[in-house]
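Please look over the sequence and the model shown here before reading on.

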Amino acid sequence: MKFRIFANLLLCLTGLAARAQQLWLYDNTNYKAIYFKEACDLIAQHPDLVLLDVRSPGEYADTSQYIGSRIGRLKGAINIPIDSVRDHYRDLLAYKNKTILVYCSHSFRSRRVSKFLADSGFAKVYSLNGGMTEVDREPAAAFPCIASLYTTKTPYRLMGPEDAAAFIRDKNNIVIDTRSPAQFNGTDTGEAFNIGRIKGAMNVPKTSFDQAIPGLEKYKEKPILVVDLYTSDAMTAAAKLKDAGFKNVSVLFDGFDTFILHFPSSSSERKELITAAPPYRITGVREAVDLINHSPALVIADMRPKDQFENKSKLAYQNVGHIKNAINFTEPSQLSAYLKGKPGNTPVLIYGSASAAATQMNGMHLPDLGGLCKKLAAEGFTNVYLLYDGISSVVWDFANVDGEQDAKNILVDHDGLY
């Protein structure tokens, strides 16, 4: 999960009767949140179903000033941005007795609008879990109706982790990584950026991408996958390649970190496709859930500030409880002291509030969790896990990712929050 998810969260909190609580508090009350597979069945059963896209006009039309928000839409959808729903309420009344499927980019806004409509007497309202983010992230085979529903104006294809893995395995294909040389080579001063690279990828940094295009002409007819840490830089580079006449260009959707986190740290995919990995384990939600459920000796280190751990942050979205059995260490030295004398094979799971890299990138004065994990590994701890996208990813995944509903079971102290 990316830092831009929080931007969407803040956006939707500014409109449509914003409340302090988390946006999952109202699930399964007057409307129903469903996954895309269920949405395909719903659409097939209701030919007159209304698709309601509550993103901005720019997001809807793939013309947003933020290129990372150009992620396609569903065909036939009506666009009424969240901040205009009340103004268009009379127009929406025409659909009061119809089945309505509401979606946005991550399902923050769609849940707000779904609750508003349901509370207003609309009886058959559904919200699409994960929004267009999940549509783009999952393999095409996971969504039986995607071919007939999905449309985009972007000149390149957005490719999720499963499809990207298949692409990378084909040695005829080209992978271009637009990160800085330091991040590509694992020498960045921010350790959370040093998470490895795709085997065989070439590094063409975004800062010199324009100048490098003539040298890439020999690959003009080959399939190309463009990669960055998040997505926007890769999208910008892919658009430039398409403008230069490159035929078959794709973007690794949601970035290299999402690609890594999709596969467990000990998986064959990681070993086969990734090189220059750090000396600790970059971990996603699925792996963290399994680790917590099956490792009784696990030390769980919550590295957030005390106010977040205790749900007392002034920023309501940071109050999400904590992982069960977690200990709050507000300074790396506290964790080091706690681990002193423990066996080197002691499993340690470390997490913060959000993406470890995004935290550094946005100048937050919080511990460098990548650096902390690297330090513990250097001290001889062989089973150090970093929940790379933080506790926020656990909350988001259980509410939006099919197959990860059980992630809610590892969270505690969240009564009334979601």
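## Basis of the report

The structure is a predicted model, and the distances, angles and areas given here are therefore values computed from a prediction.

## The second largest pocket

The second largest pocket holds about 600 Å³ of space, and its lining is made up of 31 residues. Those that lie nearest the centre of this pocket are Glu138, His262, Asp397, Val401 and Glu404. When the lining is sorted by class, 13 residues are nonpolar, 8 are polar and 10 are charged.

Several helices contribute to this lining, and at least two residues come from each of helix 2 (36–45), helix 6 (131–137), helix 12 (255–261), helix 14 (285–294) and helix 19 (390–400). Helix 6 supplies the largest share of the lining, namely 4 residues.

## Salt bridges

How many salt bridges does the count come to? The total is 19 salt bridges, and one of them is formed by the side chains of Arg169 and Glu272, with an N to O distance of 3.1 Å. This pair links distant parts of the chain, since Arg169 belongs to helix 8 (residues 161–169) and Glu272 to helix 13 (residues 268–273), 103 residues apart. Arg169 has a relative accessible area of 36% and is partly exposed, and Glu272, at 39% relative accessibility, is likewise counted as partly exposed.

Glu310 takes part in a salt bridge with Lys306, for which the N to O distance is 4.0 Å, and also in a salt bridge with Lys312, where the closest N and O atoms are 3.6 Å apart. Is Lys312 buried or exposed? Lys312 counts as exposed because its relative accessibility is 58%, a value over the 50% cut-off, whereas Glu310 counts as partly exposed at 32%. Elsewhere, salt bridges that share partners join Glu134, Arg137 and Asp254 into one network.

## The loop between helix 15 and strand 17

Gln318 lies in the loop that runs between helix 15 (306–309) and strand 17 (322–323). With a relative accessible area of 17%, Gln318 is buried, because the cut-off for a buried residue is under 20%. The side chain of Gln318 makes a polar contact with the side chain of Gln308, at a distance of 3.2 Å.

Asn311 is also found in the loop between helix 15 and strand 17. The phi angle of Asn311 is near 60 degrees, which is a positive value in a residue other than glycine.

## Positive phi at Asp62

A general point about the backbone gives the context here: most residues other than glycine have a negative phi. Asp62 has a positive phi, near 60 degrees, and is a residue other than glycine. The position of Asp62 is in the loop between helix 3 (57–60) and strand 3 (73–74), and its relative accessible area of 8% places Asp62 among buried residues.

## Aromatic pairs

Which aromatic pairs can be described in detail? A search of the whole structure finds 4 aromatic pairs, and among them is the pair of Tyr89 and Phe122, whose ring centres lie 6.3 Å apart and whose planes stand at 65 degrees, so that the pair is edge-to-face. Tyr89 lies in helix 4 (residues 89–92), while Phe122 lies in the loop between helix 5 (108–119) and strand 6 (125–128), so the pair ties together parts that are 33 residues apart in sequence. Tyr89 is partly exposed, with a relative accessible area of 24%, whereas Phe122 is buried, with a value of 2%.

Phe259 and Phe263 form an aromatic pair that is edge-to-face, with 5.4 Å from centre to centre and 75 degrees between the planes. Phe259 is buried at a relative accessible area of 1%, and Phe263 is buried at 6%. Ring pairs also link Tyr89, Phe116 and Phe122 into a cluster.

Terms used:
Residues numbered from 1 in each chain as written. Predicted model: local features only at pLDDT ≥ 70, side-chain atom pairs only at ≥ 80, totals over all residues. Heavy atoms only, no water. Buried < 20%, exposed > 50% of the residue type's maximum accessible area, 1.4 Å probe, protein only. Polar contact = N/O pair within 3.5 Å; in protein donor to acceptor, adjacent residues only side chain to side chain. 1 Å grid on protein atoms, 1.4 Å probe; cavity = no way out; pocket = protein on both sides within 12 Å on 5 of 7 lines; lining within 4 Å. Points joined across faces, edges and corners; volume = space filled by probe spheres on them. Nonpolar A, V, L, I, M, F, W, Y, C, P; charged D, E, K, R; others polar. Phe/Tyr/Trp six-rings, centres within 6.5 Å; stacked < 30°, edge-to-face > 60°.
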